[in-house]
Amino acid sequence: MGLLTQLVTLPLAPVRGAAWVIERVVDAAENEYYDPGPVERELAGLERQLLSGEIDEETFDRREDELLDRLDEIRARTRGSTG
């Protein structure tokens, strides 16, 4: 039965292969999107900009809030996938 099933479903092999590739691409994109490193580096850079006078306090606060919200989202997802 296994050989017969393989022969009958052989025309679907390219579709299954494409689906597998798409799954790997989505996994890689999610891993990159949910990586806290770039967000933490951006927070550090933002603080440097504030201290050097490149941005004002209001801009810093607004952008910092956005980045901290992003970190919260990343950490919540990490807790959800490990727990």
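The protein chain has a radius of gyration of 22 Å, whereas a compact globule of 83 residues would have one near 12 Å; the radius is taken over C-alpha atoms, and the globule rule is 2.2 Å times the number of residues to the power 0.38. Along its principal axes, the C-alpha trace spans about 70 × 30 × 15 Å. This is a predicted model, in which local features need pLDDT of at least 70 and side-chain atom pairs count only at pLDDT 80 or more, while totals for chains, interfaces and linings use all residues. Residues are numbered from 1 along each chain as its sequence is written, and side-chain values use heavy atoms, with hydrogens and water left out.

**Overall make-up**
- The chain contains four helices and zero strands; helices (H or I, at least four residues) and strands (E, at least two) are DSSP runs, numbered from the N terminus.
- Buried residues account for 13% of the 83 residues, where buried means under 20% relative accessible area, exposed over 50% and partly exposed in between (1.4 Å probe, protein chains only).

**Helix H3**
- The 17 residues of helix H3 (residues 36–52) should span 24 Å at 1.5 Å a residue, and the end C-alpha atoms are 25 Å apart, which agrees; the expected span is 1.5 Å times one less than the number of residues.
- Gly-37, Val-39, Leu-43, Gly-45 and Leu-46 are buried in H3.
- Gly-53 follows H3 and has a positive phi, near 85°.

**Salt bridges**
- Eight salt bridges are present in the structure, each being a side-chain nitrogen of Lys or Arg within 4 Å of a carboxyl oxygen of Asp or Glu.
- Arg-77 and Glu-30 form a salt bridge through their side chains (3.4 Å, N to O). This pair links distant parts of the chain, with Arg-77 in helix H4 (residues 57–82) and Glu-30 in helix H2, 47 residues apart.
- Arg-75 and Glu-40 also meet in a salt bridge (3.7 Å, N to O). Arg-75 lies in helix H4 and Glu-40 in helix H3, so this pair ties together parts that are 35 residues apart in sequence.
- Glu-66 and Arg-63 are joined by a salt bridge (2.7 Å, N to O). These two residues are separated by about one helical turn because they are three residues apart in helix H4. Salt bridges that share partners join Glu-42, Arg-62, Arg-63 and Glu-66 into one network.

**Exposure of Trp-20**
- Trp-20 is located in helix H2 (residues 13–33).
- The relative accessible area of Trp-20 is 51%, so Trp-20 is exposed.
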